[in-house]
Amino acid sequence: MARLRTRHSADTPGGPALKRALTTPLLYFFILGDVLGAGVYVLVGQVAADAGGAVWVPLAVALLLAMLTAASYAELATKYPRAGGASHYATRAFGPFAGFVAGFCMLAAGIVSVAALARGFGGDYLSEFVTLPVGLVAVLFLALLALVNARGIKESTRANVVATVVEVGGLLVVVALGVWLMVRGDGDLGRLGQLGTPEKGAAAAVLSGSVLAYYSFVGFETSVNVAEETRDPRRSYPRALFGALATAGAVYVLVGIAASVAVPTATLARSSGPLLEVVEEAGGVPTRVFSAIALVAVANGALLTGIMASRLTYGMARDGLLPAALTKVLPGRRTPWAAIAVTTLLSMLLALTGSVTTLASTLVLLLLVVFLMVNTAVLVLRRDAGESDHFRAPTALPVLGAASCVALATQIEAEVWLRGLLVVAVGVVLAAVAAVRRAGRAHDGERG
């Protein structure tokens with residue numbers, strides 16, 4: 001541990017180090033809680049609309065595609081265990097310009113995601129219990145999450161453990177209800193093999209459904225931003241990452257099977273709460289119980305994404321890609337309070353303006369841009385031997401991971417591409433400004 005601390009300090013010259021507090025189990029639950037977010041509670045119906053009755057197939061395909069990129073993250077996170085994630089890797093591989101673009105895409109996706117989840121928290125699920133203005137709920141919700149985030153990574157991840165248990169419990173209830181429906185003879189096993197729609201053949205339907213299902217697995221990439229706060233990242237991170245993805249994949253496939261067997265495909269496709277359809281079909285579980293579970297899932301996803309956004313902002317600032325003021329940390333807690341405050345305020349602004357709904361559909365596209373850069377960065381950075389004990393992915397995995405990003409991007413609609421490219425263009429302009437400033441500082445240094 002002393003060797004790791006020495007190396008860590010060397011990685012962070014001129015700035016305070018974050019506290020190493022995460023164990024392997026806490027990191028496992030961090031990743032699992034971020035992957036098992038609110039998406040699965042609403043996406044199953046949309047996957048059914050795109051792929052047909054065999055919802056479990058695109059879910060399984062999406063898991064395999066996510067594992068490819070996860071292998072690249074495992075190599076880079078154990079090779080360079082520090083906050084900044086994809087931005088830091090792209091900077092090392094391609095320079096600060098690419099690093100800024102990667103970081104900006106991650107920040108944009110993260111901040112928009114938190115804002116969208118905040119509005120979701122104040123929407124229909126909460127109205128099962130109380131009716132309040134969505135904007136007010138979103139602001140109070142985000143302020144509370146910021147306080148939990150600032151209190152400490154250990155406290156945040158411990159809260160995540162409880163929330164993750166609730167989320168998984170709710171999904172397992174759906175699986176159990178599906179089994180009960182089959183036992184009493186009300187389920188239709190024939191739907192498990194129905195792939196394709198009137199508009200698409202089986203192969204096209206699976207690929208299209210996999211894009212939506214892929215969104216259910218994203219979240220694992222946020223964990224690289226807390227690798228710096230993990231006690232032994234070279235040992236803990238691969239175990240936690242692959243273990244959490246495998247657990248989430250197994251749960252998702254079982255949920256997909258239960259939903260397919262329990263509810264007609266057309267009913268799933270029309271529903272905005274497809275898992276609630278399973279509950280109503282089986283009976284015996286109050287709908288308010290599921291609303292409460294969904295609220296926990298939304299809150300947990302927003303907390304973990306907020307942690308990612310603040311750590312990414314901190315890491316980019318420490319790399320000189322954002323103002324140095326964002327590297328300030330609380331003296332006792334060692335949490336990046338300045339980064340937390342700025343990212344929370346931006347999420348509040350988006351939540352209040354309502355522009356989140358126009359940007360939310362670009363999240364997958366932005367992440368695919370980041371994932372493509374990460375998969376290619378792995379290959380470029382092979383010239384840097386790094387530490388001998390870091391995880392090394394077989395070369396075929398990052399190659400296939402990059403190809404999968406391109407394949408999934410071809411399935412995204414044109415209007416989403418337009419919005420996504422606008423966000424990327426803003427990142428490119430800001431990266432160019434940052435490059436000019438760096439050149440100016442270097443010139444002033446030479447003159448001095």
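## Exercises on helices and a loop residue

**Exercise 1.** Helix H5 (residues 86–94) and helix H6 (residues 96–121) have axes that come within 7 Å and cross at roughly 160°. How do H5 and H6 run relative to each other?

*Solution.* This is a predicted model, where local features need pLDDT of at least 70, side-chain atom pairs count only at pLDDT 80 or more, and totals for chains, interfaces and linings use all residues. Residues are numbered from 1 along each chain as its sequence is written, and side-chain values use heavy atoms, with hydrogens and water left out.

Start with the angle, taken between N-to-C directions on a scale from 0 to 180 degrees. Angles over 145 degrees count as roughly antiparallel, so H5 and H6 are roughly antiparallel to each other.

Next, look at contacts (heavy atoms within 4.5 Å). From H5, Ala86, Ser87, Ala90, Thr91 and Phe94 meet Pro96, Ala98, Gly99, Ala102, Gly103 and Met106 in H6. These residues divide into seven nonpolar, four polar and no charged, with Gly counted as polar.

**Exercise 2.** What span should helix H8 (residues 134–151) have?

*Solution.* Take 1.5 Å times one less than the number of residues. For the 18 residues of H8 this gives 26 Å, and the end C-alpha atoms are 26 Å apart, which agrees.

**Exercise 3.** Is His390 buried or exposed?

*Solution.* First locate His390: the loop between helix H17 (363–380) and helix H18 (396–409). Then apply the cut-offs: buried is under 20% relative accessible area, exposed over 50%. At 13%, His390 is buried. Leaving aside neighbours within four places in sequence, His390 contacts Glu75, Thr78, Lys79 and Ala385.

Notes. Helices (H or I, at least four residues) and strands (E, at least two) are DSSP runs, numbered from the N terminus. Angles under 35 degrees count as roughly parallel, over 145 as roughly antiparallel, 65 to 115 as roughly perpendicular and the rest as oblique. Buried means under 20% relative accessible area, exposed over 50%, partly exposed in between (1.4 Å probe, protein chains only).
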